[in-house]
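Biologist: I'm new to this one. Could you walk me through it?

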Protein chains: 2
Amino acid sequence: MEPFNSYVDLLSGEVFPCRQVVVRRLSDMARMFQDQQAAQKLLQEGNPVIYRVFNVVVPEEYGHLQHCISVIFPGKVGQEYFMTKGHFHARKDTAEVYLTLRGNGILILQNQRGETRVLEMRPGSASYIPPFWAHRSVNVGKEPLVFFAVYPAEAGHDYEIIEKQGFAVSVIEHDGKPKVVANPGYPKGG
Amino acid sequence: MEPFNSYVDLLSGEVFPCRQVVVRRLSDMARMFQDQQAAQKLLQEGNPVIYRVFNVVVPEEYGHLQHCISVIFPGKVGQEYFMTKGHFHARKDTAEVYLTLRGNGILILQNQRGETRVLEMRPGSASYIPPFWAHRSVNVGKEPLVFFAVYPAEAGHDYEIIEKQGFAVSVIEHDGKPKVVANPGYPKGG
């Protein structure tokens, strides 16, 4: 396979050339937010884009490394900040590395026992997501949260556990500041 | 294993905290440069640091991802720009991803048949080094070349082939500009 470059606009996070852009609107994940009334209102007002992922496409095979830029837009659903859906890797024994390039965020991690950890995301933070930790990123700032992510190409994604159960914590705005709180709806479904 | 953050100073490339910093001085790689007279002179004048690597330490096992920041200082040995030693991975079937954060460079790649490719390195360039390609980075600018690198933690390094044979091309300054030229000494040793 031939070596190649992609180019990241370090301000907007856009990647050129990019064959695969994932766009997540509120309608793709409305049930993941706490305040369903606020979610419905936002859906009716225009169904905002919550985040975009610019994927660099490589073979989904051992030895290769998937890499992408995620851009989470600033905003809230009720008091809860815009965030990614979050997932485990389908191959749970694979890690991921984030390098934050712009903005301010909180990375929520949760293991299979439901234990959670949070890490700060700010320009220059390199966050290590070890094997067996689900991960969700939350934009707690006023500008886009832009981060570069790398993971083994065979890792895959398992969204189902998170879609059913959610994370045990949420990040909400409280007195104008981000606060990590227990998620009253956890475990959902299950 | 617990999630953790490292913090990259996006200007200097220094990483905090960092348990493992590799410092390569000219004396560690003097024979890799073409102009041996210039190399000897620089060694006598003070043996400059060519580059530093700030390694984030993770288990060297499947599923983990080694990550580091490399900082190549600006400078030349004769007409040849400062560069890394370059290596294959010991597990040759493993890729690597670079995200350049500062400076201007040229990434030299060479496969096991001795075929070479070059990629530009500039802020925002995401360079994909597929499995089976040796890689060396060259600072062709006037400021430090700073890049973030991620690779499978079990990849390891094989410096021996490159130390014996070198790369088939070099990057030299010609009329004030970087130029990729055939390496007159290739294959060395062999």
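Modeller: Let's start with a pairing in chain B. Strand S9 (residues 105–111) of chain B is joined to S10(B) by six bridges, and the two run antiparallel.

Biologist: Which residue in S10(B) is the bridge partner of B:Ile108?

Modeller: B:Ile108 has B:Val118 as its bridge partner in S10(B).

Biologist: Which sheet do those strands belong to?

Modeller: An open sheet of three strands in chain B, in the order S10-S9-S12, with antiparallel pairing. Strand S10 (116–121) and strand S12 (133–139) of chain B are the edge strands, each pairing on one side only. From one strand to the next, the twist averages 20 degrees.

Biologist: How many bridges does the S9 and S10 pair have in chain A?

Modeller: Strand S9 (residues 105–111) of chain A and S10(A) pair over six bridges, in the antiparallel sense. There, A:Ile106 stands opposite A:Glu120 in S10(A). The hairpin of S9(A) and S10(A) has four residues between the strands, and A:Gly114 in that hairpin takes a positive phi near 85 degrees.

Biologist: Before we go on, what kind of model is this, and what scores does the predictor give the complex?

Modeller: It is a predicted model. The predictor gives the complex an ipTM of 0.95 and a pTM of 0.96. For chain A the mean pLDDT is 96, with 98% of its residues at 70 or more.

Biologist: Why do you say the copies meet through the same surface?

Modeller: Because 100% of the interface residues of chain A are also interface residues in chain B.

Biologist: Which strands pair across the two chains?

Modeller: S11(A) is joined by four bridges to strand S1 (residues 4–8) of chain B, and the two run antiparallel. In that pair, A:Ser125 has B:Tyr7 as its bridge partner.

Biologist: What's the order of the open sheet of eight strands?

Modeller: The order is S2(A)-S1(A)-S11(B)-S8(B)-S13(B)-S5(B)-S4(B)-S3(B), with antiparallel pairing. Strand S2 (15–16) of chain A and strand S3 (20–25) of chain B stand at the edges with a single partner strand each, so one side of each has no neighbour in the sheet. Within chain B, strand S5 (residues 65–72) and strand S13 (residues 145–152) pair over eight bridges in the antiparallel sense. B:Val71 stands opposite B:Val146 in S13(B).

Biologist: Change of topic. Where are the cis peptide bonds in the two chains?

Modeller: In chain A, the peptide bond from A:Phe16 to A:Pro17 is cis, with omega near -20 degrees. A:Pro17 is in the loop between S2 and strand S3 (20–25) of chain A. In chain B, a cis peptide bond joins B:Phe16 and B:Pro17, with omega about -20 degrees.

Biologist: Which residue has a positive phi in the hairpin of S14(A) and S15(A)?

Modeller: A:Asp175, with phi near 50 degrees, in a hairpin that has two residues between the strands. Six bridges join strand S14 (residues 169–174) to strand S15 (residues 177–182) of chain A, and these strands run antiparallel. A:Glu173 has A:Pro178 as its bridge partner in S15(A).

Biologist: What about B:Asp175, buried or exposed?

Modeller: B:Asp175 counts as exposed, because it has 5 C-beta neighbours inside 10 Å. Its phi is near 55 degrees, a positive value in a residue other than glycine.

Biologist: And A:Phe132, what is its phi?

Modeller: Near 80 degrees, also positive in a residue other than glycine. A:Phe132 lies in the loop between S11 and strand S12 (133–139) of chain A. With 17 C-beta neighbours inside 10 Å, A:Phe132 counts as partly exposed.

Biologist: Last one: what does B:Gly78 touch?

Modeller: Leaving out residues up to four places away in sequence, B:Gly78 touches B:Phe33, B:Gln34, B:Asp35 and B:Ala38. B:Gly78 is in the loop between strand S6 (76–77) and strand S7 (80–81) of chain B.

Definitions and conventions
Residues numbered from 1 in each chain as written. Chains lettered and ligands numbered in written order. Predicted model: local features only at pLDDT ≥ 70, side-chain atom pairs only at ≥ 80, totals over all residues. Contact = placed C-beta atoms within 7 Å. Pairing = 2+ DSSP bridges. Axes fitted to C-alpha atoms, helices over the stretch in contact; angles between N-to-C directions. pLDDT = per-residue confidence, 0-100. Buried ≥ 20, exposed ≤ 12 C-beta atoms within 10 Å, placed from the backbone.
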